[in-house]
Amino acid sequence: MKTQIHTISVPSDGSYDNEALSCSTLDISTHNGEPHGGLRGSNEFILSDSGQKINSDDQGGQINMWLQRKAKSAFSEKMIKKRLPILRWLPQYNSTDAIGDLVAGITVGLTVIPQALAYSGIAGLPAAYGLYGSFLGCIVYIVFGSCKDVPMGPTAIASLLTFQTAGGNVGRAILLCFLSGVVELMMGILGLGFLVDFVSGPVSSGFTSAVSLIIVTSQVKDVLGISAKGSTFIEIWRNIFNDIHNVQLWDTFLGITCIAVLLIMRIIAGLKVGPADDELKSKNHRIINKIMWLVGTSRNAILVVVCGAIGYSFQASATAPFKLIGDIPPGMPSFKAPPFSLTANESSSGHEESFSDMVSGLGSGLIVVPLIALMENIAICKAFSNGKPVDATQELIAIGLANIANSFVQGFPGTGSLSRSAVNNASGVRTPMGNIYTMALVVLSLLFFTPYFSYIPKASLAAVIIAAVVFMVEVKVVKPMWRTKKSDLIPGLGTFIACLALPLEMGILFGVGLNVVFILYHAARPKISVERLTSPGGTEYLIITPDRCLIFPSVDYVRNLVTKQSIRQSLPVVIDCSHVYGADFTAATVIDSITQDFAKRDQPLFFYNLKPSVCAIFEGLSPADFVVYYREEHLDDLLKQRTFKPKEVISA
C-alpha cells in the first residue's frame, strides 16, 4: 500500500488554527478578525522520516510507522540495557562493590537457609524443596533484576499461596512455579505491570495482615506438637482445638523458648553502645555494635544450628522428645523439566492426572500467585529505590524467568522477600551480584549439610516463621488511615476479614472488587458546585461545575441536578467543563437530551471551556443548540443572540 503524504504550510509564528474549536452551533469565534477568538493550537503533528505529515485516514501507513518505531526501539542500545540491567552496572563493577556484595550475600544466605527450610512447611512440602528454590533463581535475577536489594527465593506469602493452590502436592507445586513464571514473563512482555495498581494500599495492607495471621496460625500446631491441617484461618483453629488434648509439652516448651530468644535477639540487633553520634564512637564501640548487629541479624541461623545440635544429641541417645523435620535428600536436585502429568502414585487423588487436569486443579492460583509475587517485589523495590521510578515490567520479566528456572530444579514459586531485602540493604549490598554469594551458601548446604538438617526440631522452624511474620501485621497503618480518609478502612477491613474466612485468592479478589465499587461510586457521584453569578454585561446566570469526567455512571445524576437547578432558578445556565477531561456515548446522548429540554423551555444553555476531544464526542450526535465558548467575555454576546425572558422563579 502506498502511503499518502500531504505537505502543510505552517505560519511563521509556529501555530495553526485549532479547527477542533468549531463545535459550537453559534458563531462566537470572531476576535479582532481572527477565527476561533484568536485561539491557536500547537503545530506538533506526526511526521514521516522525510518531514512530511502522514494522512490520518491512511491506517496502513500509521500501522507501518508504528511497527517501525517499535522495532527500532526494541533493539536500541537503551532498550537492551533496560531489559538486561546487568549491562548497566557490570562494566563499572569494582573491588568496593565486590566487598559490599560479599558481606551482604553471606549475611542474607545465613537468613535464607533456615527460612527456606521453614517455608517448605508452609507450602506443605518436604524441607528440601525450599532450598531447591533458593539458588538458581538468584543467578537469573542477577542478569535481569533491576533492584540491588532483592534476594530471590521462597517467601511466607508465596509459600502459603502455593499450599492453598497445590494442596501440598510436589508435582503440582513445581508445575505452579513453572506456569507462574510463564504468566509473569508474558505479563512483562505485554507490559501488564500496571495491573498491580488495581490493588490499593488499604487492600494490600488487609491482605498482608490476614496472611500473616494465617501463617502464624499454621505454625501453632508445630509449636504445640499436634496435627491440625487446614487451608483457612477458621479451619486451622477449629482443628487445633479439636486436637488440643494431644499437646506435646517438650515441643511447646522449645517452641515458646525459641520465639522468646528470637525476639530478644531482634532487639539486640537494634541496640548500639557508645555516644549517639557515630563520629564520637571509639573503635571498640564500632566493633561491639557490629558484632551485636551480626548476631541479631543471623539469629535464625544461630537458633537453627543450636536446636539442631540439641536434636542431634537427643537422637544419638534414642530419646528425642521433639518432632524433627526428618531426612533430607543429600546433594543437588536433578535438572529436569517440571512434571506435565502425574501418575496415580504422584497425584493426591490416587488417579493419573494429565496436564489439563493439573492446570484445572491449580485454578485461579495461576493468576493470583504471579500477581501477589509482583506486589511483594514492587513493594521491596519502592522501599529501597530512594524515590527513583520502579520498572514493574522489568521486575515481571526477572521474577518470571527466575521462577521458570527454579521449576527445572524442583523449586516452588518465589519472589523477593521484604525481610531478607532489609537485611541485604543494611548489610551494604552494592549490586544484584550479592545474590551469587547467597546462592553459593545454599549450594554448599545442599552438598554438605543436608544430613544434619534432619535433626532440626519442627518447633524451632515454626518459631523462626512466627517471629518473622508477626511483624507483617500492619496495625500501624490504621491510625494514619483513620486520620486521612476513614472510608479507606472499609476495603482494608473487608479484605482482612475475607482473607481470614475464605481462600486467599477469593479474599484478594473480594478486596479488589470492593475497592472498584468505591471507585465506581465516586465516579457515579461527582461533586458539583452551583453558583449564581453576574456576567460583565450585568446579566445574572447560573454556573454549574462538575469536578470530573462525564461517563455513564454519573450522567443521569448530573442531568437531574442540572434540570432541577435550572428550573428552580429560571436563569441562563453555563456548565463549566474545565474539569471534564473525558466522556462517552451515554454522556453524548444525555447532553443531546438536555439541550433539547432547554430549547423547549427557551432557556439558554452554554458549555464553557469544553475540551476539543470531549466536544467531538458530543458533536457526534449533532445536538441542536449546542453552544460552546472559550472566553468569558463571549458570554454577553451569546446572551444577546438569545431572546430570553426570565419566568417566575419556582420556590423549592
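Before I list any lining, a definition: a cavity is a set of grid points where a 1.4 Å probe fits but cannot get out, and lining residues have an atom within 4 Å of a point. I'm also noting that this is a predicted model.

**Entry 1, cavities.** I searched the whole structure and got 3 cavities of 30 Å³ or more. The largest cavity holds about 80 Å³ of space. Helix H23 (555-569) and helix H24 (585-600) each put in at least two of the lining residues.

**Entry 2, the second largest cavity.** I have this one at about 40 Å³. Its lining is made up of Thr595, Phe598, Ala599, Gln603, Pro604, Leu605, Asp625 and Arg642. By class I get 4 nonpolar, 2 polar and 2 charged residues. H24 turns up again, giving the most to this lining with 3 residues.

I went looking for a nonpolar patch and found one of about 440 Å², made by Ile287, Ile291, Val295, Ile302, Val306 and Ile310. Helix H12 (283-297) and helix H13 (299-316) are the elements that give two or more residues to this patch. I then checked Val295, which sits in helix H12. Why does Val295 count as partly exposed? Because its relative accessibility is 34%, and partly exposed runs between under 20% for buried and over 50% for exposed.

Definitions and conventions. Residues numbered from 1 in each chain as written. Predicted model: local features only at pLDDT ≥ 70, side-chain atom pairs only at ≥ 80, totals over all residues. Heavy atoms only, no water. Patch = residues over 30% accessible without salt bridge, like charges linked within 9 Å, V, L, I, M, F, W, Y side chains within 5 Å. Areas by Shrake-Rupley, 256 points an atom, 1.4 Å probe, with all protein chains shown as cover. Salt bridge = Lys/Arg side-chain N within 4 Å of Asp/Glu carboxyl O. Helix = DSSP H or I, 4+ residues; strand = E, 2+ residues; numbered from the N terminus. Buried < 20%, exposed > 50% of the residue type's maximum accessible area, 1.4 Å probe, protein only. 1 Å grid on protein atoms, 1.4 Å probe; cavity = no way out; pocket = protein on both sides within 12 Å on 5 of 7 lines; lining within 4 Å. Points joined across faces, edges and corners; volume = space filled by probe spheres on them. Nonpolar A, V, L, I, M, F, W, Y, C, P; charged D, E, K, R; others polar.
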